[in-house]
Amino acid sequence: MSTWLTPEIASAFGALDGAAFTDGRALDALTLRTMAMQANRLISVGHQAFNLVWPEQQVTFEGVSQYFFDAVASPSEWEMLHPPITFPKLPGLDSGKIYIRANIPSGDDVIVGVETGRSNRDDLTATLTGTGSFANYSISSVPFDLGAIDQLTLWFRGGFKGDLMNTTTYGTLNTGSAALSASPLRGWGRDYLVDASNNWNTGAGNLAEAGHYIQIVDDYGGSDPRVMWRRKIVALPLSDRLEWGPALTRDVFLAFRAAIANTAVTTQWEIRKLPTIAVSQIMCVLDSRTP
Amino acid sequence: MTSFDGRAYTGAEFIPPALYHPAAPAVGDVGLQAMAAAYMASRYRGQLVGVQTYPMRFRFAAHRGTVSSTSAVDIAEWGDVHLPAHATHVGAELWFAHAPGEEPAEVNASLEVYDGSNTDTGSTSTFTLTEDTAEGAFAGLYTYRVLVEVALANVTAPDEVRVRLKAFVDEPTGGAARDLTPLSATCWRWTV
């Protein structure tokens with residue numbers, strides 16, 4: 001672009017001396033240029049949209065030590081991490097950066113989906129890799145509405161890297177294939193699985209409450225293992241029965257039941273731990289506008 | 001705040017050097033655009049009064065902080081707020097959740113601004129909660145948002161202003177209390 005068309009922006013804002021505007025005096029080129037640069041600065045510099053913080057110290061509640069803003073990630077479906085946050089902004093600013101400070105177990109991933117007036121959670125995602133302690137994460141170039149107001153909603157789901165369920169803590173088994181039966185619980189939005197060889201602990205803090213998911217792997221142990229589907233385990237009513245949700249579609253469910261009934265097909269299920277995330281800060285800063 | 005020409009400038013464009021080139025016959029345009037930029041920036045910068053959120057992910061508050069009342073309850077309060085002299089309105093948006101099956105139900109929300117001696121109270125914003133008026137659903141609950149505003153008429157002190165957002169849900173004719181679970185609230189000021 002021509003240098004005569006590329007706006008100049010002042011590096012700091014300062015008022016022009018009143019003498020520059022003496023009545024009856026012509027405005028010189030430097031005064032006009034300073035006025036224009038300062039006007040450009042006024043409409044271009046970004047600003048903070050909001051900054052929310054929560055304690056990082058664990059608190060004991062009902063006998064369990066936990067973080068104040070603590071969540072178990074969902075394996076297959078988006079869940080809302082934080083309700084919509086509406087904020088006023090300077091019109092014309094159309095992008096920003098989101099800062100998240102969170103504690104995610106080492107080796108786990110949590111995927112965050114960002115929804116604004118100009119992005120949806122499927123188009124703008126970021127993978128937060130766990131460190132085992134509170135760490136700073138940021139998501140850059142988040143598009144925002146050009147107008148005077150916008151809204152940010154954060155969604156999240158698990159990154160499917162969880163370890164196999166701890167059988168010492170939650171009971172056995174954490175993988176299986178034989179003598180399996182499964183049925184839909186229509187109307188409840190979930191399916192269930194029964195395997196008489198299982199002996200899961202059903203008391204407080206069981207595998208469903210602690211956060212686990214079930215996944216079905218085809219060609220298990222073979223040369224081309226594939227995960228057919230994953231679902232979050234939502235209830236453990238009996239020691240040999242678990243329920244997952246949301247329910248599978250009818251076609252997938254029938255294919256799954258046929259596969260596990262066919263001993264020639266090496267289909268196997270696994271129970272794995274869901275990644276957790278504890279949040280202590282969510283901040284949003286709007287980028288400066290460029291010509 | 002009235003702009004220099006009485007117009008509401010809701011946006012402003014960059015001024016390119018071509019307009020203030022010594023040979024450019026556009027001095028008036030530079031002045032006009034510079035003033036429009038100044039007006040727009042003072043109108044829209046620093047508007048935020050505060051954000052208050054109540055994520056459902058708070059394990060510590062497993063009860064979800066649900067409000068059940070037939071009269072106004074303080075949902076959020078912001079203190080030591082600075083309102084510039086040209087601010088004419090304060091408004092807030094409240095997101096909340098409500099359990100399906102509790103109909104009929106109606107939300108009532110209002111905003112109050114207090115400067116230590118004078119109070120401005122906005123009219124109560126009301127609408128009926130149905131599946132159709134819900135913005136979405138989450139964790140088995142419908143989510144709604146309600147907008148409230150108050151025109152500043154009596155409040156004069158610009159500093160140490162307190163802004164209170166009040167709300168409750170009950171039956172439409174003022175009957176039994178219904179549950180209201182706050183999710184987030186944002187408050188900001190603006191100038192007409």
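Predicted model: local features only at pLDDT ≥ 70, side-chain atom pairs only at ≥ 80, totals over all residues.
Residues are numbered from 1 along each chain as its sequence is written, chains are lettered from A in the order in which they are written, and side-chain values use heavy atoms, without hydrogens and water.

At the interface, 56 residues of chain A are in contact with 40 residues of chain B (contact means heavy atoms within 4.5 Å). The two chains bury about 4100 Å² between them, with 70% of it on carbon and sulfur atoms; buried area is the accessible area (1.4 Å probe) lost on putting two parts together, summed over both. The rule finds one salt bridge across this interface, where a side-chain nitrogen of Lys or Arg must lie within 4 Å of a carboxyl oxygen of Asp or Glu. Arg289(A) and Glu13(B) form a salt bridge, with 3.5 Å between the closest N and O atoms.

Turning to the cores, the largest nonpolar core has 57 residues, and Phe50(A), Ile98(A), Val114(A), Ile139(A), Leu154(A) and Ile277(A) have the most contacts inside it. Such a core joins buried Ala, Val, Leu, Ile, Met, Phe, Trp, Tyr and Cys residues through side-chain atoms within 4.5 Å, buried meaning under 20% relative accessible area (1.4 Å probe, protein chains only). Beyond its neighbours within four places in sequence, Val114(A) is in contact with residues including Ile98(A), Leu124(A), Ile139(A) and Leu154(A). A second, separate core of 32 residues includes Tyr144(B), Val148(B), Leu165(B) and Leu180(B).

Key:
Buried < 20%, exposed > 50% of the residue type's maximum accessible area, 1.4 Å probe, protein only.
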